Amino acid sequence: MCSDIGTTSRVCAMYSFTGLLFTLFVGILLSTQPEFITGIEDVSLAKSNAFGAMGMFVATFALSVFGILRTSPNEKEDIDVVEGYQLSSVGQAEYGSSRYD
């Protein structure tokens, strides 16, 4: 599945973007309404940890985008046009006719 840098970068970018959104949500929630998250003794430490994790997800996302952009030009296929190229004529005789005729 992830046999090349481009595919691995795409998967990693999706994962890190999701993590970025989640840690941003948790950081904002800890900043504005920490009473909704129970079990936290030091809110300021939890808030700094959430934003620190978000920074790591931003760095991972940036590296993933770099990997996607670096491999994009290499993945384009060259189409060799052969002179006299025609589409296949298989199945053209019955095109448009009903199969119940």
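1. Of the 101 residues in the chain, 18% are buried. Buried here means under 20% relative accessible area, exposed means over 50%, and partly exposed lies in between (1.4 Å probe, protein chains only). This is a predicted model: local features need pLDDT of at least 70, side-chain atom pairs count only at pLDDT 80 or more, and totals for chains, interfaces and linings use all residues. Residues are numbered from 1 along each chain as its sequence is written, and side-chain values use heavy atoms, with hydrogens and water left out.

2. The accessible surface of the chain is about 8,400 Å². Carbon and sulfur atoms hold 63% of that surface. Such areas come from the Shrake-Rupley method with a 1.4 Å probe; for residues, only the protein chains shown count as cover.

3. The chain has 2 helices and 0 strands. Helices (H or I, at least four residues) and strands (E, at least two) are DSSP runs, numbered from the N terminus. Among contacts with a separation of 6 or more, 65% join residues 24 or more positions apart. Contact means heavy atoms within 4.5 Å.

4. Helix α1 has 28 residues. From its first C-alpha to its last, α1 reaches 39 Å, close to the 40 Å expected at 1.5 Å a residue. The expected span is 1.5 Å times one less than the number of residues.

5. Which residues of α1 are buried? They are G6, S9, A13, S16, G19, L20, T23, G27, L29 and L30. An α-helix has 3.6 residues a turn, so residues three or four places apart point the same way.

6. Take S9, which lies in helix α1. S9 counts as buried because its relative accessibility is 9%. Not counting residues up to four places away in sequence, S9 touches S64, G67 and I68.

7. Now the aromatic rings. A pair of them is described by the distance of the centres and the angle of the planes. Rings of Phe, Tyr and Trp (its six-membered ring) pair if their centres lie within 6.5 Å; planes under 30 degrees apart count as stacked, over 60 as edge-to-face and the rest as tilted. The count comes to 2 aromatic pairs. Y15 and F57 form an edge-to-face pair, at 5.8 Å centre to centre and 65° between the planes. This pair links distant parts of the chain: Y15 sits in helix α1 (residues 5-32) and F57 in helix α2 (residues 43-75), 42 residues apart. Y15 is exposed, at 55% relative accessible area, whereas F57 is buried, at 18%.

8. F17 and F61 form a tilted aromatic pair, 5.9 Å centre to centre with 45° between the planes. F17 lies in helix α1 and F61 in helix α2, so this pair ties together parts 44 residues apart in sequence. F17 is partly exposed at 41% relative accessibility. F61 is partly exposed at 30%.

9. What does F57 contact, leaving aside neighbours within four places in sequence? F57 is in contact with Y15, S16, G19, L20 and T23. The C-alpha atoms of F57 and G19 are separated by 6.3 Å, although the two residues are 38 residues apart along the chain.

10. Last, the surface. L24, I28 and F51 make a nonpolar surface patch of about 230 Å². Like charges are joined within 9 Å, and nonpolar side chains (Val, Leu, Ile, Met, Phe, Trp, Tyr) within 5 Å. F51 is found in helix α2. F51 is partly exposed, at 32% relative accessibility.

Terms used:
Patches are made of residues with over 30% relative accessible area and no salt bridge: like charges are joined within 9 Å, nonpolar side chains (Val, Leu, Ile, Met, Phe, Trp, Tyr) within 5 Å. A salt bridge is a side-chain nitrogen of Lys or Arg within 4 Å of a carboxyl oxygen of Asp or Glu.
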